[in-house]
Amino acid sequence: MHFLITVALHPEARPLIAHFGLKQDTTAHAVPIFHRDNVSLAVSGVGRLKSAIATTYLLSRVSAPDKIGLLNIGIAGHTQIPNTGPVEIGDLFLVHKIAEQATGHTFYPDMLVQVHLPESVLTTVDRPLDQSDGMEVEAGLVDMEAAGFYQAAAAFLAPHQIHCIKVVSDFLEVQRFDKAMVSHLIEQRLTDIDRIIAAQNTVAEASSDILNEADRSMMNHLNRCLRLTVSQHKMLTDTVRTYKLHTGKALPDLSAFTQTVVTTRQEGKDRIERLGQLLMVK
Amino acid sequence: MNDSGNSSWLSNFSHLYVERAAFDYSFAQSIITRFPRARIVPIDDYKSIFARPRQHFQIQKRSMKLILAVKKDRFLYPGSGHSQHFNLDNFYYNTLMFNCVYNCDYCYLQGMYPSANVVAFVNTPDYFEATRQAIAERSNIHQPLYVCISYDTDLLAFESITPYCRAWIEFAQEQPDLLIEIRTKSTAYRAIRDLKATDRVILAWTLSPQAVIDRYEKGTPPLRQRLQAVQTAIEDGWAVRLCFDPVLAVKGWQAAYGHLIEETFGYIDPAAVRDVTVGVFRMTKSYFDRIKKQRQDTDVIYNDYELEDKTITYSAAQRQEITAFMSERLRSCIPEERIAVWT
């Protein structure tokens, strides 16, 4: 499982970089990327377009899209009038609905796993919103990136792979943020962020394929040694799955098929045919 | 980083996504009150959540959500060629709900719908009006309008939440030229047991060998409980249909399905059964292909099928063998004219 994170601001990124031990990826030029093992983080800049670009850039640098969890993490305003409700500065919310103010479009991450964290609607606006401007958004969180992030992410990933986590930084009083304060807000919530990442793992592990890692490795060997076409690879994968599902057995030893690389098309066809006979379900 | 996945799944229907227009319907309000702990998320259009691209059906099945919506058009569809219709000319079905609480490995809904979330349409008066109009305009006035209301779902299984069966049985009682079929695997017959039986409603139970239920019909009641529900419905005077459909060519299928027929008619008086349907596994190719892309864990999908007229099914010879076997066994219990076979 590879976790990708986008944030808008460097002060939001700093505690995450420290927490996951990330190092700057010097091969990334368009967007600052930080990376270590199975975690990558992009700093997009402010606004939904920049967030969409950074998300796309981040996604373009990893393979195996079904093994990815993608998070947008950052600070957000809240529509509550200060000191009049339950929400406080520093509260973290998992977003179940993202509304894009400019278009009226709405987006919904799949909410599948229990994380014991509060949820909220979030509206993405194009300009900082102030309480004094009037409340033209649904009660809840307000940010400037999530709708762009989600739309870019949803072009590649399933809705259960995409999540948006926001920490309340203000009650829509336009002001300059103190960078240290922003970092502090995120830093306070790292345990919750870890919990959401664990939940994403639970979801990822639910996708069950009869083929295990050893089978996949063997399929890769066969692919190289038999020089399979895309179509042949698909058919052979089907044959292998059918064998395992119907027999309930592990694959037989296929190492004889991976000793040498075929040199002619006919040789490849012959080996595929022999493989098919070996894996035929009676 | 410790990223082991050990979180628990949210319960089904932890979230109710409700179209703003749906809040106005009492049917929706009664559903909402049944989920006091659910998070209610107002939405503009059910498609904005149901029709999202790249949803994973089987992952969503682990924690289904309920979407309450108002259907805007198409309250009746002409009957499908994949279904038996007992020579009833005015054959239609409707979609009161999308998706099902069960999760059968062979179910075409996995490939038909983009999402596993359940959509319930709450504007029942509009369905009734469309049905009244179709009754008036039906092509063969010597036959009733025949409407299957539980095709792309299992309404009875969800009756305690969305009492569609009750509403439609009461509607049918007022419509002399209407015949409805309610197909189910559920044993929730008790939810409608207080209603007076009418010959304008067929209660149809799908029956499978217990071994098939255990392996391929996840979440459904055991065979014996289904038979008990069937027996109770018959005793209460309902017209009952038994559906041996789909028959799966599992290992030892002859013994399994032969025993199923014996067990069924050892428990149920065949003379009390309105009719019986038989059909082998079949699925529209596009649905089948979509399922195969998403799940690689069931031998029902990874099998030696053939493609015939855009339908994935067993070879003609195997179909013939299965239907001949089932027909012969059933004919020993029930007259041939009351057996409908999909071939």
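Good morning. Please keep in mind throughout that this is a predicted model.

I shall begin with chain A. The chain is divided into two parts: domain 1 spans 2–205, and domain 2 spans 213–278. Taken over C-alpha atoms, the centres of domain 1 and domain 2 of chain A are separated by 43 Å.

Helix H1 (residues 10–20) of chain A and helix H4 (residues 179–187) of chain A have axes that come within 8 Å, crossing at roughly 45°. H1(A) and H4(A) are therefore oblique to each other. The crossing of H1(A) with H4(A) is right-handed. Which residues make the contact? From H1(A) they are Pro11(A), Glu12(A), Arg14(A), Pro15(A) and Leu16(A), and from H4(A) they are Lys179(A), Val182(A), Ser183(A), Ile186(A) and Glu187(A). By class, the contact of H1(A) with H4(A) comprises five nonpolar residues, one polar and four charged.

I turn now to chain B, and to a helix pair there. The axes of helix H9 (residues 253–267) of chain B and helix H11 (residues 316–331) of chain B come within 10 Å, and the crossing angle is roughly 25°. Angles under 35 degrees count as roughly parallel, so H9(B) is roughly parallel to H11(B). This crossing, of H9(B) and H11(B), is right-handed. On the H9(B) side, Gln254(B), Tyr257(B), Gly258(B) and Ile261(B) take part, and they meet Phe325(B), Met326(B), Arg329(B) and Leu330(B) of H11(B). The contact of H9(B) with H11(B) divides into five nonpolar residues, two polar and one charged.

Next, the sheets of chain B. One is an open sheet of five strands with mixed pairing, in the order E2-E1-E3-E8-E6. Its edge strands are E2 (39–43) and E6 (97–98) of chain B, each of which pairs on one side only. Strand E1 (residues 15–19) of chain B runs parallel to E2(B), and five bridges join the two. In this pairing, Tyr17(B) stands opposite Val41(B) of E2(B).

Another open sheet in chain B has eight strands, again with mixed pairing. Its order is E4-E5-E9-E10-E11-E13-E14-E18. Which strands lie at the edges? They are E4 (77–78) and E18 (339–342) of chain B, each pairing on one side only. Inside this order, strand E10 (residues 178–184) of chain B pairs with strand E11 (residues 201–206) of chain B in the parallel sense, over five bridges. Thr184(B) has Trp205(B) in E11(B) as its bridge partner. Helix H5 (residues 124–137) of chain B lies across strands E5 (91–93), E9 (145–148) and E10 of chain B, and runs at about 145° to E9(B).

Finally, the two chains together. How many residues of each chain are in contact with the other? The numbers are 38 residues of chain A and 31 residues of chain B. On the side of chain A that touches chain B, the elements giving two or more residues are strand E6 (92–100), helix H5 (190–205) and helix H7 (230–247) of chain A. H5(A) gives the most to that side, with eight residues. By class, that side of chain A holds 21 nonpolar residues, ten polar and seven charged.

Thank you for your attention.

Definitions and conventions: Residues are numbered from 1 along each chain as its sequence is written. Chains are lettered from A and ligands numbered from 1 in the order in which they are written. This is a predicted model: local features need pLDDT of at least 70, side-chain atom pairs count only at pLDDT 80 or more; totals for chains, interfaces and linings use all residues. Two residues are in contact if their C-beta atoms, placed from the backbone, lie within 7 Å. Helices (H or I, at least four residues) and strands (E, at least two) are DSSP runs, numbered from the N terminus. Ala, Val, Leu, Ile, Met, Phe, Trp, Tyr, Cys and Pro count as nonpolar, Asp, Glu, Lys and Arg as charged, and the others, Gly among them, as polar. Domain bounds come from an automatic or database domain assignment. Axes are lines fitted to C-alpha atoms, for helices over the stretch in contact, and angles run from 0 to 180 degrees between N-to-C directions. Angles under 35 degrees count as roughly parallel, over 145 as roughly antiparallel, 65 to 115 as roughly perpendicular and the rest as oblique. A crossing is left-handed if the near helix is turned anticlockwise from the far one by less than a right angle, and right-handed if clockwise. Two strands pair if DSSP finds at least two bridges between them.
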